[in-house]
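Visitor: Hi! Could you walk me through this structure?
Guide: Happy to. Here it is.

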Amino acid sequence: LVTNNAAAALGFALAVDLAKELDLESPRCYAMAVMIAATSSYACPLGYTTNLMVFASGDYSFADFFRVGAWMDLIWWIGCSLLLPLAFPLE
C-alpha cells in the first residue's frame with residue numbers, strides 16, 4: 001500500500017514535469033490538484049486514519065463509506081476542476 005503522503009510526493013514531481021512539458025509559467029494549478037486529490041479519500045475507510053477510527057467505533061461497513069463517500073468525492077472533484085483554474089491560472 002502507498003499512503004496519501006507518498007502518492008502526493010510522487011504525483012507532485014509528475015505534475016511539475018507535466019507543467020514544464022506544456023510550457024506553463026507556473027505548475028501551481030497542477031500541484032494543487034495533486035495535493036487536493038491526495039487528501040480526498042472519502043469513499044474508502046482505509047484511505048485515511050480518521051476514516052479508520054470512525055469505521056471501527058461506528059460499526060460502519062465498506063458499503064456505507066462508498067455510498068456517501070463516492071458522492072462527496074464526485075462533488076469535490078467537480079468543484080476543484082472548476083475552481084482551481086480560476087484560483088491558479090494555467091497561463
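Visitor: Which residues form one aromatic cluster?
Guide: The cluster is made up of Phe55, Tyr60, Phe62 and Phe65. Before we go on, this is a predicted model, where local features need pLDDT of at least 70, side-chain atom pairs count only at pLDDT 80 or more, and totals for chains, interfaces and linings use all residues. Residues are numbered from 1 along each chain as its sequence is written, and side-chain values use heavy atoms, leaving out hydrogens and water.

Visitor: Okay, how many aromatic pairs does a search of the whole structure find?
Guide: The search finds three. In one of them, phenylalanine 55 and phenylalanine 62 have ring centres 5.4 Å apart and planes at 65 degrees, so the pair is edge-to-face. Rings of Phe, Tyr and Trp (its six-membered ring) pair if their centres lie within 6.5 Å; planes under 30 degrees apart are stacked, over 60 edge-to-face, and the rest tilted.

Visitor: And what about tyrosine 60 and phenylalanine 65?
Guide: Their ring centres are 6.2 Å apart and the planes are at 90 degrees, so this pair is edge-to-face.

Visitor: Is phenylalanine 65 buried or exposed?
Guide: Phenylalanine 65 is buried, at 13% relative accessibility, while tyrosine 60 is partly exposed at 42%. Buried means under 20% relative accessible area, exposed over 50%, and partly exposed in between (1.4 Å probe, protein chains only).

Visitor: New topic! Which side chains meet in a salt bridge?
Guide: Arginine 67 and aspartate 64 do, at 3.1 Å from N to O. A salt bridge is a side-chain nitrogen of Lys or Arg within 4 Å of a carboxyl oxygen of Asp or Glu. The whole-structure search finds one.

Visitor: What does asparagine 4 touch?
Guide: Leaving aside residues up to four places away in sequence, asparagine 4 touches Ala38, Thr39 and Tyr48. Contact means heavy atoms within 4.5 Å. Asparagine 4 lies in helix H1 (residues 4-21) and is buried, with 18% relative accessibility.

Visitor: Last one: what is the mean pLDDT of the protein chain?
Guide: The mean is 89, and 100% of the residues reach 70 or more. pLDDT is the predictor's confidence in each residue, from 0 to 100.

Methods: Helices (H or I, at least four residues) and strands (E, at least two) are DSSP runs, numbered from the N terminus.
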